[in-house]
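Here are some notes for a colleague who is coming to this entry without having seen it before.

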Amino acid sequence: MAFEFELPNPNTQNPKVDLSEADLVRRSASSVPAPTRQLTPVAKLIDVSKCIGCKACQSACLEWNDKRADVGVFAGSYDNPADLTPNMFTLMRFTEWVNPETKNLEWLIRKDGCMHCEDPGCLKACPAPGAIVQYSNGIVDFVHENCIGCGYCVRGCPFNIPRISQVDNKAYKCTLCSDRIAVGQGPACAKACPTHAITFGTKEEMNKHAAERIKDLKSRGYQNAGLYDPPGVSGTHVMYVLHHADKPEIYANLPNNPRISPIVELWKGTATKYLGLAAMGLMVAIGFVHHLVEGPNTVKREDEEAAKRLAGSGRP
Amino acid sequence: MAMLQLILGNIGVRGGGMNALRGHSNIQGLTDLGLMSNLIPGYLTIPTEKETTLDAYMSTRGFKPLRPNQMSYWQNYKKFMVSFLKSMWGDNATADNSFAYDYLPKLDVPGYDVLRAFELMFQGKMNGYVCQGFNPLLSFPNRKKLTTALSKLKFLVVMDPLQTETARFWQNHGEYNNVDTASIQTEVIELPTTCFAEDEGSLTNSGRWLQWHWAGATPPGEAQHDTWIMAQLFLRLKALYQKEGGAYSDPLTQLVWPYKDPGAPKPDEIAKEINGYVLADVPDPNDTTKTILQKGKQVVSFAALRDDGTTACGCWIYSGCFNEAGNNMARRDNKDPDDTGAFPTWSWSWPVNRRILYNRASADMTGQPWDPTRKLLWWDGAKWTGYDVPDIAPTAKPDVVGPFIMNPEGTGRLFTRALMRDGPFPAHYEPFESPIANPLAPKVRGNPVARVFKGDMEQFGDAKEFPYAATSYRLTEHFHFWTKHAQINASLQPEFFVEISEQLAAEKSIKNGGWVRVWSKRGSVKAKVYVTKRILPLTCDGKTVHIVGIPLHWGFMGATKKGFGPNSLTPYVGDANIETPEYKAFLVDIEPITGPVA
């Protein structure tokens with residue numbers, strides 16, 4: 001072998017995982033009973049150094065989820081569509097970066113999309129019961145029938161990932177192909193990736209594979225190669241191998257130390273519960289005083305007619 | 001590259017050889033089956049008009065060995081040629097009529113490549129054109145000339161799974177195809193075909209594997225297999241000839257047409273015909289009570305082919321692909337004994353399932369492997385043995401017979417004496433349009449042995465008028481001009497753009513994402529522009545040369561935004577050996593413009 005050490009191909013066999021309600025560890029704005037079993041945590045590993053920017057992942061994502069992105073315009077970069085959309089759950093973000101040490105141009109291509117945080121800011125910010133759930137294997141999924149389209153998940157996400165559809169006013173993002181994983185398939189993007197830059201397996205396997213990749217990159221002169229599994233959100237179930245892990249921000253503003261916004265923490269922390277109860281009590285008191293001063297609301301004739309007009313619309 | 005590999009000892013060994021990155025998945029199959037204008041299947045050549053008899057034709061194709069005891073495989077040429085003629089004309093090809101040699105067309109020029117075909121059209125000397133599965137209006141150079149040429153045709157038939165620009169060359173699409181439709185009299189017939197995923201058949205990769213594939217989808221609408229269309233054309237032409245007569249119709253009317261449904265030949269029927277079959281029992285010369293070939297059977301391989309008319313074979317190098325053992329191309333056994341990488345039972349590889357050509361060269365003159373860790377073939381004292389099918393007679397002694405049996409001298413060739421116009425060694429010439437003079441021969445423009453048609457030389461620009469070097473290339477999001485018809489691919493690279501360096505952008509006040517006009521002596525395109533660090537100015541002969549990069553995936557049909565291709569700008573000239581058009585280097589100018597109002 002010409003290599004110093006073996007570079008094994010990543011595992012492409014995926015175990016079948018039945019995901020059910022009983023496997024939920026978190027449910028937005030509500031509580032879940034303690035799960036009866038612990039699923040093996042999974043992860044998708046994106047090796048930025050092996051990515052050729054072909055967008056096969058984007059294509060596979062659109063195909064599998066039966067979504068279509070609009071045919072847009074060329075806007076001065078290879079990023080197409082220009083941003084994540086309610087239909088485009090993943091996006092190659094291209095950066096032309098000149099390494100100040102070597103003066104070499106490095107074309108950094110990062111596949112953006114949901115990171116499936118262990119500590120999900122979207123779920124914590126979500127006020128709609130059951131609209132965002134987290135399974136014990138780490139997948140964070142949106143349950144669209146429960147979504148109210150408020151957009152709090154967008155604010156809660158430290159990576160700016162969810163997008164609200166103008167069509168059905170619901171939030172969308174990468175599901176980690178939970179529907180494929182449930183039948184023993186890997187995510188569509190990993191399956192389509194021609195260079196194994198995207199791999200999927202247990203988080204343990206992916207950590208091991210990442211360590212091999214990092215060792216290889218270091219042997220090729222990338223001294224700061226490393227794994228992106230940010231502790232600020234207790235780690236993620238989508239991880240990156242970066243050739244310059246000391247500077248994640250050069251990869252199209254990948255956050256250096258992502259954390260859930262303190263406002264969300266305040267909103268969802270234990271203190272807010274009592275603060276909220278106090279505010280509710282205050283509102284009841286104000287309402288009572290209002291009733292005493294203004295009297296009850298009455299329905300006028302115009303109100304009735306307007307209601308009929310709106311409801312009837314000429315139908316029997 | 002082949003010379004370099006030969007010098008490095010990388011021919012005939014595991015992991016060695018050449019791997020041509022072809023532009024389409026089956027281009028190897030195209031040349032193997034003789035779709036070049038000067039070839040018939042199996043790299044046999046079309047006769048020239050001077051070769052009026054089979055004997056005259058064979059006289060230059062004898063390939064007698066040039067060294068004692070050397071094996072020269074082309075000595076079997078006549079067996080392959082006669083078997084091919086028998087597969088074409090069957091009982092009408094007899095020893096008395098030189099196996100219908102006269103039915104073959106004879107070339108008056110070295111070949112009818114696409115540049116020559118469109119030149120003839122342009123001159124009004126070619127009146128009809130059947131365009132099967134390609135899109136010349138975007139693929140060949142100097143689009144203005146192509147549009148003029150197509151407009152002079154009496155008829156154009158386009159067989160394609162997609163609605164190509166070529167099929168709509170007459171349609172006005174504003175600035176993207178600004179033609180005067182009323183003045184074009186060409187009758188255009190579009191015949192929708194199936195695409196590869198709707199067909200059964202084999203694809204040949206550049207490792208020479210014939211891999212059978214099965215239809216994965218039902219054809220949409222009125223789409224028909226190419227074989228169905230060709231069969232229907234044939235049957236109708238034949239009926240017309242039989243009814244109305246015509247000059248020398250025999251080559252067409254006498255063709256063998258053995259298919260169960262003459263109107264719809266099946267892929268396996270054609271594959272069996274290509275493999276070859278026995279037309280008459282051949283007795284064993286040592287024991288006349290036995291036969292070595294039985295009438296009606298598939299031949300095992302080309303080793304069984306004969307020049308007496310008792311065998312037929314459509315393409316001798318493919319012989320063995322579908323023999324009495326069945327469809328060997330459909331084999332899917334991925335066993336690889338001792339991890340040699342040969343995978344001998346996966347699909348089928350020509351010739352005779354040999355996975356590495358010239359594999360005898362992996363062993364030294366005594367027959368022992370040069371590299372014991374990459375053993376492939378060795379002499380066991382009596383015969384050649386190993387992991388692959390020997391590319392030499394199994395009993396040819398190692399110190400007697402040279403490994404390159406397709407050359408009469410038995411050795412590899414660092415150069416060729418006669419086969420190439422530009423040779424024997426490659427020499428450097430600047431492109432016909434170059435930003436600098438040729439540093440080796442300043443007075444020579446382009447390649448002196450390249451073919452330039454009358455009028456095209458005047459269409460070449462010079463660096464004074466067109467100071468920038470342009471080049472064309474593909475992007476990962478698209479495949480040629482196909483995927484712009486697919487909505488998803490269209491959304492991933494939606495709009496035509498060109499790429500320039502930051503330095504050129506600064507010089508010309510061009511802004512990233514803005515609009516530019518790029519023009520050559522032959523045409524002009526409007527495009528968005530990507531100012532990129534990935535392109536840097538070159539220094540050529542002491543001069544700064546800026547580059548304009550032009551990706552090639554857009555046209556006026558399909559799901560993307562309408563755009564142009566680089567062929568609106570490129571010169572009408574090919575390389576001196578195989579006439580591949582000069583797309584990779586030509587001259588343009590560029591300026592910023594105000595974009596269209598959205």
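**Notes on the predicted model**

1. Helix α6 of chain A, residues 203–219, has 17 residues and reaches 24 Å from its first C-alpha to its last, which is close to the 24 Å expected at 1.5 Å a residue. Please keep in mind throughout that this is a predicted model.

2. Which residues of α6(A) are buried? They are A:Lys203, A:Met206, A:His209, A:Ala210, A:Arg213, A:Ile214 and A:Leu217. Seen down the axis of α6(A), these buried residues fall within an arc of 145°, so they line one face of the helix. As background, an α-helix has 3.6 residues a turn, so residues three or four places apart point the same way.

3. On the other side of α6(A), A:Glu204, A:Ala211 and A:Ser219 are exposed. After the helix comes A:Gly221, whose phi is positive, near 100°.

4. Taken as a whole, chain A has nine helices and 11 strands, and its C-alpha trace spans about 90 × 45 × 45 Å along its principal axes. Of its 316 residues, 35% are buried. Among contacts in chain A between residues at least 6 apart in sequence, 64% join residues at least 24 apart.

5. Chain A is divided into domain 1 (21–260) and domain 2 (269–312), and the C-alpha centres of these two domains of chain A lie 42 Å apart.

6. Where the chains meet, 23 residues of chain A are in contact with 22 residues of chain B. On the chain A side, the elements that give two or more residues are α1 (56–64), β3 (91–98) and β4 (105–112), and the largest share, four residues, comes from α1(A). The residues on this side of chain A divide into 12 nonpolar, six polar and five charged.

7. In chain B, B:Asp113 is found in the loop between α4 (77–89) and α5 (114–122). Leaving aside its neighbours within four places in sequence, B:Asp113 is in contact with B:Ser37 and B:Glu579. B:Asp113 and B:Glu49 are 64 residues apart in sequence and 17 Å apart in space, C-alpha to C-alpha.

Note on methods:
Residues are numbered from 1 along each chain as its sequence is written. Chains are lettered from A and ligands numbered from 1 in the order in which they are written. This is a predicted model: local features need pLDDT of at least 70, side-chain atom pairs count only at pLDDT 80 or more; totals for chains, interfaces and linings use all residues. Two residues are in contact if their C-beta atoms, placed from the backbone, lie within 7 Å. A residue is buried if 20 or more other C-beta atoms lie within 10 Å of its own, exposed if 12 or fewer, and partly exposed in between; C-beta atoms are placed from the backbone. Ala, Val, Leu, Ile, Met, Phe, Trp, Tyr, Cys and Pro count as nonpolar, Asp, Glu, Lys and Arg as charged, and the others, Gly among them, as polar. Domain bounds come from an automatic or database domain assignment. The expected span of a helix is 1.5 Å times one less than its number of residues. The arc is that of the directions from the helix axis to the C-beta atoms.
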